[in-house]
Amino acid sequence: KVVPRVRGTIMRVPSIRGPVAGEQFVFPVAGIIGFGPAVAVLYHALRTYDYPYTEHAYFDTRRVFLALAVGMIVGTASGWIAVALRVGASSLVSLVILLLLIVLFEEALKLVYLNRKGYRGRFDTTFIGVGLGIGIAAIAAAASAYTNGPALYQPGVFLPILAYAVSLGFVHGATAAIVGSGCAKGDVVVPFAQAVLARVLHAAMLVPFFVWSARPDVNPLVPTFSLSAAAAFAALLYRYVYLTVLPDTLPPELRRERRRRVRGQTVRK
């Protein structure tokens, strides 16, 4: 991944006694930052399509968790590629090209995985896609957090990275669901193009955050606005997927069954 290093990362935290004491907890803290928001997004996206919200699960739980594991592998591979290519990313143009390559790599792998025989034409491929995207987001966010080292304990570093992690959870979960929906319906070109466009817009909004977040000579409002815009865009995209793409992927009979269930729970409350 292109890793954001947040302003103040070279400072030491007074409450941490020595680099060893601080560094030994960086990995678990980074894991919490990466996996916490991602798993929360996964739970929120799928909770109303599983028991006890519904009488039975509308998706294969094993496939969702398998996709989550595969997404983690894809995220790791994407990170290795980003690190290898980042050596030549010495300018703004090269950074943009690097981001585009990462977007195409990740979205293409989502399409390849979700459009395989056994997944193609199944309505629950959309839900499996959410698991796949969440796996990528979790690894990407955790890696970004870990590279900041003990400075991760500083609020000025922790909070932006946490917002970045939430943003990744929203955008990866949403675009993978869009790709999965296309695979479920047998129409992959338009959904894939939509997913790539959404990722490109999200990455473009993050460019100032990537470039200037660690520079003390730049007004902090610039990277803050960049991150806020990207997070807002990702949240709106996720909202669209949650309210439209996920419900519409259900067959008509399951859609009616879920609506009756929702209305029944609303009345009881």
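**Salt bridges in close-up**

**View 1. R122 forms a salt bridge with D124, with 2.9 Å between the closest N and O atoms.** A salt bridge here is a side-chain nitrogen of Lys or Arg within 4 Å of a carboxyl oxygen of Asp or Glu. R122 is partly exposed at 31% relative accessibility, while D124 is buried at 4%. These words follow relative accessible area, with buried under 20%, exposed over 50% and partly exposed in between (1.4 Å probe, protein chains only). Elsewhere, salt bridges with shared partners link E106, E107, K110 and R199 into one network.

A word on the model before the next views: it is predicted, so local features need pLDDT of at least 70 and side-chain atom pairs count only at pLDDT 80 or more, whereas totals for chains, interfaces and linings use all residues. Residues are numbered from 1 along each chain as its sequence is written, and side-chain values use heavy atoms, leaving out hydrogens and water.

**View 2. K110 and E107 meet through their side chains in a salt bridge of 2.8 Å, N to O.** Both residues belong to helix α4 (residues 92-114), where they sit three residues apart, about one turn of the helix. Helices are DSSP runs (H or I, at least four residues), numbered from the N terminus. K110 is buried at 1% relative accessibility, and E107 is buried too, with a relative accessible area of 0%.

**View 3. The side chains of R62 and D60 pair up in a salt bridge, at 3.5 Å from N to O.** Look for R62 in the exposed class, with a relative accessible area of 68%. In total, the structure holds six salt bridges.

Methods
Helices (H or I, at least four residues) and strands (E, at least two) are DSSP runs, numbered from the N terminus.
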